[in-house]
Amino acid sequence: MGIRFNQVSHGYTSFADGLYTAIKDISFEISDKNEFIALVGHTGSGKSTLAKHMNALIFPTSGTLEIFGKTITSKRDKKIKYNDIRKKVGLVFQFPEYQLFEETVEKDIMFGPMNFKISKEEAKALAKESLNLVGLDDSYLTRNPYNLSGGEKKRVSIAGILAMNPDILVLDEPTSGLDPAGRRVLMDLFKDIHDKTKKSVIIITHDMDLVYQYFNRVLVMNEGHLIFDGDPEKLFREKDLFKNHLDYPNTIKVLDYLNKSLGINLDIYKRTIEEALLEIKGAEKL
Amino acid sequence: MKSVIIGQYIPGKGLFYKLDPRTKIIAVFLLMVSVFLFERIEQLLIALGVATLLLLVGKINIIRVIKGLKPIMILLIFTFIFQIMLNKQGQKVVEHDMYFTLFTLLFLVIAFILWRVMVKITKFRFTFFFLFVISIYLTLRYVDYGQTIIQPFNFAIYEDGITMSIFVVIRLLIIITLSTVLTLTTKPTDLTQGLEKLMHPLKKIGFDSESFALIISISLRYIPTIFDEANKIMMAQASRGADFSEGKLKDKLRQVISLLVPMFIIAFIRSEELANAMESRNFVPGEPRTRIHELTMSYRDTLATLFSFSVLILSIVLKVI
Amino acid sequence: MSYIEIQKLSYSYNEKTNVLDDINIDIEKGEWIAVLGHNGSGKSTLAKTLVGLLEPKTGDITIDGITLGEETAYEIRKKIGIVFQNPDNQFVGVTVKDDIAFGMENLCVPREEMLEKINFYAKKVNMLDFLDKEPATLSGGQKQRVAIAGILAMQSDIIIFDEATSMLDPYSKEELIQYIKTLHKDGLTIIMITHDINEALLADRILVMNKGKVFAFQETEKIMKDKETFTSSNLELPVALELANSLAQDDKFKEIRDKLWEYALTK
């Protein structure tokens, strides 16, 4: 078992709303391998707070959390080395600008491994390996991370976490701010990393098209509660997402519009444009 | 969204909230000067009484002000002790020998441990610090058996030492209370605007008070944002194993750099974007602008200024006589 | 004469490559223009040259008969406002009220008039209850709305949105789009730079930029029928139109095609 939440709540005092409970009574499990999970929810639903618990950056205010056998409670336990947890669960933040600081890509990626007392030679090898894993070639090693494009920076920041060789990889909105093509390329990359390494991957996203096309498990947060954990298609069939400030995938929306406006009966649960096209072409009654 | 509260300003009603910031700045300045002019302890005590009365008139929570004093309590105590120890004028009030022996050392260590433990488990930190200081004194005074480490030395308190130390402490108390009233009842933006207007005449010697005020208000506006961001950067680097609580000095240095570089680079990008946003909204440095915040004086301001002026004159008169 | 005329506009950071290369476009008063293009196609640079934040290498920008130059920048900026991508880096005021006032203060609007306008435009973007709030307590979408109010209060009638929705979540994005629709109805000229093809569909005309050049500039419906324009510029059509274009050969699907178009252009 990788991560288990046991009735975890987290509250804090904020300037804006006084005492604020970001997540409430959350319980679920994530296996230490072979998982590919999407975490969705509107802004302020608590998904980022949830993610920060996964590598013990913040502690629950009530409930407990088990991460690779270590129990995290509201109090800092001196016997637990929290740094070891962060090595096992890698968290990539939304903006690469938050973590890039060295003058070369290679040095920057080495920062993580070196913090875990890995020798310089080994760290160099890891840097190269993880850079290739995110689809950048060796020529990037000597480049300045600040002169890269937005998408490349993102890849380097992900490589920085991959180099620590975590068992579970958590990514906070890795596709935001990219154009659709860039988004798809990055998602293919994550899927590829997952397939190659069998690491569990958790991705926070707003994009329901991606959720439908890439994931087989989705966690949905709403106002601090975990309101769904399961297959995306089941989510789209059963839940009223508009009520939760969420959206449906475009294929579902378009096919549903056709059904309603033309009084036909297409199966609207199609993941891709190709599948939707086949459904329309194959429809008997038009 | 975690944020820090800017300054000490607490929204409220009452006399001091209605005063113009300029009046408040001038009044606090005049009153502080008068406090330094008072020479007799009775005068100061009356001044302290008046300061407390001002808090009551302004409906300011006195407990709040006392809480504000907490961080500088240690400073006050040290001032007090130094004054007592160093002033050797007037009549001797107390005089006796002090001893420093092995037993004293033992007692001191025990007192220290007791103090640290008590501070950890109870709330009354300050009371225990006070008890700790007293126990040091008592130990030095009465524990005279055992192997001497330092030769007995003479300890004396003089009359003037006591009056002077009380004097200094009360003076500090008044000054702190006055400035707390100012920051507690004035929004940071109003404070900067008040300062801007008061410093306007300095334009003649080349000081641009408007730009100064704008710089301050933009800094104030970005404090919560930057704080938030620093927090996120710290978490991002902690996720890469930068554990800021452990590690050797050399590692720590690198970890601090890993925090500072992103902060500066983001700040650099931000300043450029902010400058663009300001320019696109027709901001031209040095050009005349109208202001949404207008400072207005009322009869209250006249009264407050008159009051502080008369206190100043009174203090000058008392000094001359 | 058009309301906005851009002639032979070029811009470059260095001598070698032009970020903007010989741009010639006219925009009419009250039009809604969407600017599409991959990252680095020069969209944002175009926006910045339009408000005089960057000085073009060659060419002219004329807005309402005034040609942009060092002396006229002040006048031009009264007519044209810009909402940037990062909501946090354009909020100048300590409170919402201060921020809406900032532009007017620079124009030396008398205080009484400012107060009136602040109330009027804060109401327009539904921020009237937040006038005394500090930016740290606002969401990204709310900050963007404050930026709009600040521009409207300066009586500008052209607003550029420079990827203004890209840092917002889908819900706030949709909300902001609704406000932009109202502005368009009120007769403002809108220039919207975006990644989001679904947003672009709302515009009257779409400008596709590619490597600093105008790749296409046509009526929305017209441009959407031409799949080539999109694929060769590294862009994607919305799902409904992708389907419609794939069904284009067969008359059997005419009804479906019409509905797909209807969906794309109205939703």
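In the predicted model, the centres of domain 1 and domain 2 of chain B, taken over C-alpha atoms, are separated by 47 Å. The domain assignment of chain B places domain 1 at residues 92-156 and domain 2 at residues 209-285.

The interface of chain B with chain C brings 29 residues of chain B into contact with 42 residues of chain C. Between them, chain B and chain C bury about 3,000 Å², of which 54% lies on carbon and sulfur atoms. Of the area that chain B buries against chain C, 29% is supplied by Arg281(B), Asn282(B) and Ile292(B), a contribution that exceeds that of any other three residues. Arg281(B) also takes part in a salt bridge, in which its side chain meets that of Asp99(C) with an N to O distance of 3.6 Å. Across the interface of chain B and chain C, four salt bridges are found by the rule applied, and 18 residue pairs, both members at pLDDT 80 or more, are in polar contact. The elements that give two or more residues to the side of chain B that touches chain C are helix 9 (209-238) and helix 10 (249-280) of chain B. Helix 10 of chain B gives the most to that side, with eight residues. When the side of chain B that touches chain C is divided by class, it has 12 nonpolar, nine polar and eight charged residues.

Chain C is also in contact with chain A, through 28 residues of chain C and 27 residues of chain A. The area buried between chain C and chain A is about 2,700 Å², with 71% of it on carbon and sulfur atoms. The count of salt bridges between chain C and chain A is one, and the side chains of Glu236(C) and Arg184(A) meet in a salt bridge with an N to O distance of 3.0 Å. Polar contacts between chain C and chain A number three residue pairs, both members being at pLDDT 80 or more. At least two residues each of the side of chain C that touches chain A are supplied by helix 6 (170-185), helix 10 (239-246) and helix 11 (254-266) of chain C. The largest share of that side, six residues, comes from helix 11 of chain C. By class, the side of chain C that touches chain A has 12 nonpolar, seven polar and nine charged residues.

When residues up to four places away in sequence are not counted, Gly140(C) touches Pro87(C) and Leu168(C). Gly140(C) and Lys259(C) are 119 residues apart in sequence, and their C-alpha atoms are 35 Å apart in space. Ser156(C), in turn, is located in the loop between helix 5 (140-153) and strand 7 (158-162) of chain C. Because its relative accessibility is 4%, Ser156(C) counts as buried, the limit for that class being under 20%. The side chain of Ser156(C) reaches the backbone oxygen of Ile151(C) at 3.5 Å. With neighbours within four places in sequence left aside, Ser156(C) is in contact with Arg77(C), Lys78(C), Lys79(C), Ile80(C) and Gly81(C), as well as with Ile151(C) and Leu188(C).

In chain A, backbone geometry was considered at two loop residues. Ala56(A), although it is not a glycine, has a positive phi of about 60 degrees, and its place is in the loop between helix 1 (47-54) and strand 4 (62-67) of chain A. Ala56(A) is assigned to the buried class because its relative accessible area is 0%. Lys117(A), likewise a residue other than glycine, has a positive phi near 60 degrees, and is found in the loop between helix 3 (105-115) and helix 4 (120-133) of chain A. Lys117(A) is assigned to the exposed class because its relative accessible area is 63%, whereas Ala56(A) is buried.

Key
Residues numbered from 1 in each chain as written. Chains lettered and ligands numbered in written order. Predicted model: local features only at pLDDT ≥ 70, side-chain atom pairs only at ≥ 80, totals over all residues. Heavy atoms only, no water. Helix = DSSP H or I, 4+ residues; strand = E, 2+ residues; numbered from the N terminus. Buried < 20%, exposed > 50% of the residue type's maximum accessible area, 1.4 Å probe, protein only. Contact = heavy atoms within 4.5 Å. Buried area = accessible area lost by both parts, 1.4 Å probe. Polar contact = N/O pair within 3.5 Å; in protein donor to acceptor, adjacent residues only side chain to side chain. Nonpolar A, V, L, I, M, F, W, Y, C, P; charged D, E, K, R; others polar. Domains from an automatic or database assignment.
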